[in-house]
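I opened this entry to keep track of what I looked up. The notes follow the order in which I checked things.

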Amino acid sequence: MAPAPVLPLRSSAFTLAFSYVLLGLVTLVLFAAPLGYAWRVTIDDGRTEILQEDAQRFAEVFRQRGPDGLAAFLNERMSMQIAAERILLLTDPAHTVLAGNMPAWPVDVPERQGAYTAPLTFNGKTIQARLVHMVLPGGYHLLVARDMAHFRPLEQRFWYSLLAAMGVLLLLGMLGGFLIRRAVLRRIDELSRTVTGIVQGDLSRRLPTARGQDEFNTLSRTINGMLDQIEHLVHGVRNVSNAIAHDLRTPLAELRSRLEEVSVTRPTMTETYAEVDGAVADVDRVIGIFNALLRLAEIDTGARRSGFAEVNVAEVAAGAVEFYLPAAEVKGVSLAFQGDTGMATILGDPVLLAQAVGNLIDNALKFTPEGGAIVVRVASGADGKVEMSVTDNGPGIPDEEKPRVTERFYRGDAGRGTPGVGLGLSLVSAVAKLHGGAFDLADNHPGLRARMRLA
């Protein structure tokens, strides 16, 4: 089933890119707003300072030359300056104009001297001006002003530049959003095709990965690991189903044969009881298989973890050795324990640990020839884990079979003629995993070393 198409504006990649664009725009505005405010304050302060310096200079001329001298000086300055560059006005105490480029004293200027921003009528139009009003000796009034629109083009360029930057950022963000969306959808399409193949039954399909540690590669590797485990479990279920059918067929066939023979031949009571005993043995074998599977299922689900307690692994192993010692003596095999029973304590399930150790010893007894030796060792590892190993000098296991012997119902060529259904080492491996450890097999030269590492 093909994935539904993703609308461009509803794409998570586009939404993420657009969110970053909005964040960039907000950041740009937050940066420009205080910058613009600081610029305006600086310009206004600088403008006022220039006007005050001019007023001070004109006041000095007034003190040296008097009102007529200042009037002549102002007229001379106005003839030299650019038209409307600066507003100058000198009046007497009655606000009669003596010099300047304004026809009358503006009514909106306060009587007190100081720096103000006020509307002025200049050259027939009203302007907003920054002005300095200075009261000269004798009550004369001096007005020095400048149109605030003089710097307006520069302000407009600043805001136009800001809007242009925002437009470029928005355009690049939209373009980047579409490119990111295209790249993300390409990766998602690869994932969708792989998942569709897996849904259709091809469990060998894996998500594509590339070099690097980006998010998609990390996700793909994680999902591939999960798919490996799922494939392993599915194949394991198939193999278990086949193995269960094979292992149950033999005892059930023998049971049917016994009962059919009893029904047809009508043997004596003694022979009938013998056949009943054989049928009971066949049923016990079937029950043993199911009990082992139930124990493995219980271990796999972690249900036994709730019953964990402080367990001395060395004491458990020593008890198992003591239990199997008579069987070893009957077979003529040496069975010994090595380890300090005062150490190697973990949090675990004593029953499962005892069963795991017993399975390893039982396997070693099956394959160790007469006169051989089996050693059970328990020691604390350098990493704090407890190591429990069972070594023998029997025929061992070929290297190609070692990875498979922990599979359920798997039996190698050497074990086909021995009792059992192939669940012993599977249970040992499951118990090791339940206790946060691992189980491995290695050559003992000669023989085999089976080791459990428990946390």
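I began with E3 and strand E4 (residues 125–135), which run antiparallel and are joined by nine bridges. Strands here are DSSP runs of E with at least two residues, helices are runs of H or I with at least four, and both are numbered from the N terminus. I noted that the model is predicted, that local features need pLDDT of at least 70 and side-chain atom pairs pLDDT 80 or more, while totals for chains, interfaces and linings use all residues. Residues are numbered from 1 along each chain as its sequence is written, and side-chain values use heavy atoms, with hydrogens and water left out.

Five strands form an open sheet, ordered E2-E1-E5-E4-E3, with antiparallel pairing; two strands pair if DSSP finds at least two bridges between them. Strand E2 (97–100) and strand E3 (114–122) are the edge strands, each pairing on one side only.

I turned to arginine 130, which lies in strand E4. Which side chain does the side chain of arginine 130 make a polar contact with? I found threonine 48, at 2.8 Å; a polar contact is a pair of N or O atoms within 3.5 Å, and within protein one must be able to donate a hydrogen and the other to accept it, with residues adjacent in sequence counting only if both atoms are side-chain atoms. Not counting residues up to four places away in sequence, arginine 130 touches residues including Leu51, Tyr116 and Val144 (contact means heavy atoms within 4.5 Å).

Last, I checked residues 158–180: the chain there is 100% helix and 0% strand, with its end C-alpha atoms 32 Å apart.
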